[in-house]
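Please read it with the structure in view.

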Amino acid sequence: MQPFIRVHQLRQSFGTQKVLKGVSFDVGKGELMALIGGSGAGKSVILKHLDGLMDPLDGYVEIDGRRISGAPEKIRKQIRSNIGFMFQQGALFDSLSVGENVAFPLREAGIRDENELDTRISAALDSVGLLGQQEKMPASLSGGMIKRVAVARAIITTPECLLYDEPTAGLDPIVTDSISFLIRQICKDKGITTVIVSHDMPSVIRIADKIVYLRNGEVYWTGTPEELLHSKDEILQKFLYGDSGENWAALSGKNENFQRVLLERAERERKQ
Ligand SMILES: Nc1ncnc2c1ncn2[C@@H]1O[C@H](COP(=O)(O)OP(=O)(O)OP(=O)(O)O)[C@@H](O)[C@H]1O
């Protein structure tokens with residue numbers, strides 16, 4: 001079966017810095033793929049290539065069989081209209097109400113019928129659990145609600161593909177959980193092919209169908225969350241056990257080995 005997203009031998013450099021050195025992966029229709037890797041590995045740069053905001057020096061991205069890389073602006077726009085993008089920070093326009101923020105992509109696409117706009121705003125807000133909140137202003141929302149509004153804005157055009165850049169950054173663990181499950185629910189309920197860039201390993205383990213680990217500008221490893229948890233690869237283990245990843249194993253509750261190691265370490269520290 002043809003993948004919904006095909007990334008083939010993507011190369012990108014900024015000055016002398018080679019950021020992508022031939023990155024390839026596929027994402028099947030309706031699949032939820034997580035792109036992980038250290039800071040500066042090139043994850044956000046890849047998302048920009050998927051959305052056609054950046055063109056590679058070499059290689060290409062195909063969305064639903066159509067090449068977006070290097071395509072004329074008209075074609076690029078057509079393909080992009082099928083993609084929802086939740087940018088890092090998920091920023092809303094402070095001066096616009098929740099409803100107007102959510103409606104923004106539709107107005108940009110030229111939709112002016114107020115009845116249609118109202119119906120679609122309500123449907124999008126309903127999908128993220130915020131029905132009836134359209135009159136609120138962003139300043140009065142919690143961090144989690146802001147992310148939900150940003151998700152509603154990304155799905156209002158009914159895209160077949162959704163890209164999320166760090167959707168849970170800056171949220172507490174409970175809100176992080178609810179946003180992560182929302183992302184999974186939207187992906188599975190609507191069959192939307194989803195790519196999520198995240199440092200939040202407990203969420204990635206819980207919601208991803210497939211994980212791609214980017215390292216030194218290349219795909220170092222691809223597999224399922226289960227395979228990642230059981231991998232004996234030292235580099236992967238170091239990535240997971242490193243300073244930033246220590247807590248997620250305990251939180252994920254999926255791998256007894258990780259929990260045992262953490263418990264043993266805690267016990268050792270108590271005895272010292
Ligand atoms: N437009 C640009 N011009 C120059 N350098 C860039 C540009 N965009 C990204 N870079 C560089 O490319 C590298 C990869 O950036 P990218 O934002 O994709 O990293 P990332 O994996 O998403 O990191 P993080 O997890 O910290 O967000 C970084 O060194 C960054 O400085």
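Which residues surround the ligand? In this predicted model, the ligand is surrounded by Phe14, Val19, Gly37, Ser39, Gly40, Ala41, Gly42, Lys43, Ser44 and Val45. The chain that holds them is assigned two domains, domain 1 (5–82 + 159–271) and domain 2 (97–155).

**Ligand shell**

- Helix α1, residues 43–50, gives the most to the shell around the ligand, with 3 residues.
- By residue class, the shell around the ligand has 5 polar, 4 nonpolar and 1 charged.

**Contact between the domains**

- Domain 1 is written as two segments, 5–82 and 159–271, and domain 2 as 97–155.
- Where the two domains meet, 11 residues of domain 1 are in contact with 10 residues of domain 2.
- On the side of domain 1 that touches domain 2, helix α6 (residues 173–190) gives the most, with 5 residues.
- That side of domain 1 has 8 nonpolar and 3 polar residues, and no charged ones.

**Helices α3 and α5**

- Helix α3 (residues 98–108) packs against helix α5 (residues 143–155) at an angle of about 30°, and their axes are 7 Å apart.
- Angles under 35 degrees count as roughly parallel, so α3 and α5 are roughly parallel to each other.
- The crossing in which α3 passes α5 is right-handed.
- From α3, the residues Val98, Asn101, Val102, Phe104 and Pro105 meet Val149, Ala152 and Arg153 of α5.
- The contact of α3 with α5 is made up of 6 nonpolar residues, 1 polar and 1 charged.

**Helices α3 and α4**

- With helix α4 (residues 114–127), α3 packs at an angle of about 110°, and the axes of the two helices are 10 Å apart.
- The range from 65 to 115 degrees counts as roughly perpendicular, and α3 and α4 are therefore roughly perpendicular to each other.
- α3 and α4 make a right-handed crossing.
- On the α3 side, Gly99, Val102, Ala103 and Leu106 make the contact, and on the α4 side Leu117, Arg120, Ile121, Ala124 and Leu125 do.
- In the contact of α3 with α4, the residues divide into 7 nonpolar, 1 polar and 1 charged.

**Val102 in both helix pairs**

- Val102 of α3 is among the residues that meet α5, and Val102 is also listed in the contact with α4.

Key: Residues numbered from 1 in each chain as written. Predicted model: local features only at pLDDT ≥ 70, side-chain atom pairs only at ≥ 80, totals over all residues. Domains from an automatic or database assignment. Contact = placed C-beta atoms within 7 Å. Helix = DSSP H or I, 4+ residues; strand = E, 2+ residues; numbered from the N terminus. Nonpolar A, V, L, I, M, F, W, Y, C, P; charged D, E, K, R; others polar. Axes fitted to C-alpha atoms, helices over the stretch in contact; angles between N-to-C directions. Parallel < 35°, antiparallel > 145°, perpendicular 65-115°, else oblique. Left-handed = near helix turned anticlockwise from the far one by under 90°. Near = placed C-beta within 6 Å.
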